[in-house]
Amino acid sequence: MPLSERLGIRPGVTAVIGGGGKTTLLRTLGEELAAGGARVLLCATTKIYPFDGLLNLADPTEETLAEALESRRLVCAGTPVPGTGKLTAPGLPMARLAALADCVLAEADGSAGRPLKAHAAHEPVVPREANQIIQVVGASGFGRPIREAVHRPERFCALTGLEPEDPVTPEALAEVLRAEASRTWPPIRVLVNQAEDETAMEAARRLAERLPWPVCAGALKRRSWICLSSFGGPGTSPPALPCACGGRGFGWS
């Protein structure tokens, strides 16, 4: 089953947060959805590198973006950040982006290349138009010292009472994720990436047991994943979602 179905990706804006594979997840989901006929926009509310092999539009007009989405199906757009090679949020309002694309996948925080992330007060930058959040967790961070595995380790330690040299456990990460989840956020789903062996998968299961949200785990680079906890219990998948995109049938029924 495609990951977009396992995670229940629906028309509208999906915010992707956390560490350990956000950008790879955006591309994976975007390619799946576009292959099914959806017009998909990849962007960021913070900063993101342009995608190799995709059309990356710098501050497009509505007309330019609409034409690109219709012809290419999968497009990245944003505002260039001088001297960085990165793109930040497009100039067009998120509501307009959501009207032009069937699905907007927005990377909504940064993790400085670390597999795990704790958030500062101004993070994540979740668009108010978002109808769901995908929290990405990098399983390679489990067992490593907090100071090495976590972006903003001081925040992680403040929430858990641990020291920077202590190893990251699934229990400690669950405590952080639950503490940081805002009541104003849309529904959350969790993807544990980098779960490439049984040790990592067992850590993912321990995390899933301690979270109130659906959890999938696997390896994006291997295109392999399973649901650990979901809508109908362990090992099940989300129900089909209705298409809300003007009658297009591209994966929702």
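**Exercise 1.** In which loop is Glu123 found? Work out whether Glu123 is buried or exposed, too.

*Solution.* Keep in mind that this is a predicted model.
- Step 1: Look between strand 7 (116–117) and strand 8 (130–138); the loop there holds Glu123.
- Step 2: Check the accessibility. Buried means under 20% relative accessible area. Glu123 has 14% relative accessibility, so Glu123 counts as buried.
- Step 3: Now find its partners. Leaving aside neighbours within four places in sequence, Glu123 touches Lys117, Ala118 and Arg152. With Lys117 there's a polar contact, side chain to side chain, at 3.2 Å.

**Exercise 2.** Find out how the axes of helix 6 and helix 7 cross, and which residues make the contact.

*Solution.* 
- Step 1: Pick out helix 6 (residues 153–160) and helix 7 (residues 170–180); their axes come within 9 Å and cross at roughly 95°.
- Step 2: Angles of 65 to 115 degrees count as roughly perpendicular, so that's the label for helix 6 and helix 7.
- Step 3: Helix 6 brings Arg155, Phe156, Leu159 and Thr160 to the contact, while helix 7 brings Ala172, Leu173, Glu175, Val176, Ala179 and Glu180.
- Step 4: Sort these residues by type, and you get six nonpolar, one polar and three charged.

**Exercise 3.** Explore the largest nonpolar core.

*Solution.* 
- Step 1: This core has 53 residues, and Leu65, Val137, Phe156, Val192 and Leu207 have the most contacts inside it.
- Step 2: Which helix gives the most to this core? That's helix 8 (residues 198–209), with six residues.
- Step 3: Zoom in on Val137. Beyond four places in sequence, Val137 touches residues including Phe142, Leu173, Val192 and Leu207.

Methods:
Residues numbered from 1 in each chain as written. Predicted model: local features only at pLDDT ≥ 70, side-chain atom pairs only at ≥ 80, totals over all residues. Heavy atoms only, no water. Core = buried A, V, L, I, M, F, W, Y, C linked by side-chain atoms within 4.5 Å. Buried < 20%, exposed > 50% of the residue type's maximum accessible area, 1.4 Å probe, protein only. Helix = DSSP H or I, 4+ residues; strand = E, 2+ residues; numbered from the N terminus. Contact = heavy atoms within 4.5 Å. Axes fitted to C-alpha atoms, helices over the stretch in contact; angles between N-to-C directions. Parallel < 35°, antiparallel > 145°, perpendicular 65-115°, else oblique. Nonpolar A, V, L, I, M, F, W, Y, C, P; charged D, E, K, R; others polar. Polar contact = N/O pair within 3.5 Å; in protein donor to acceptor, adjacent residues only side chain to side chain.
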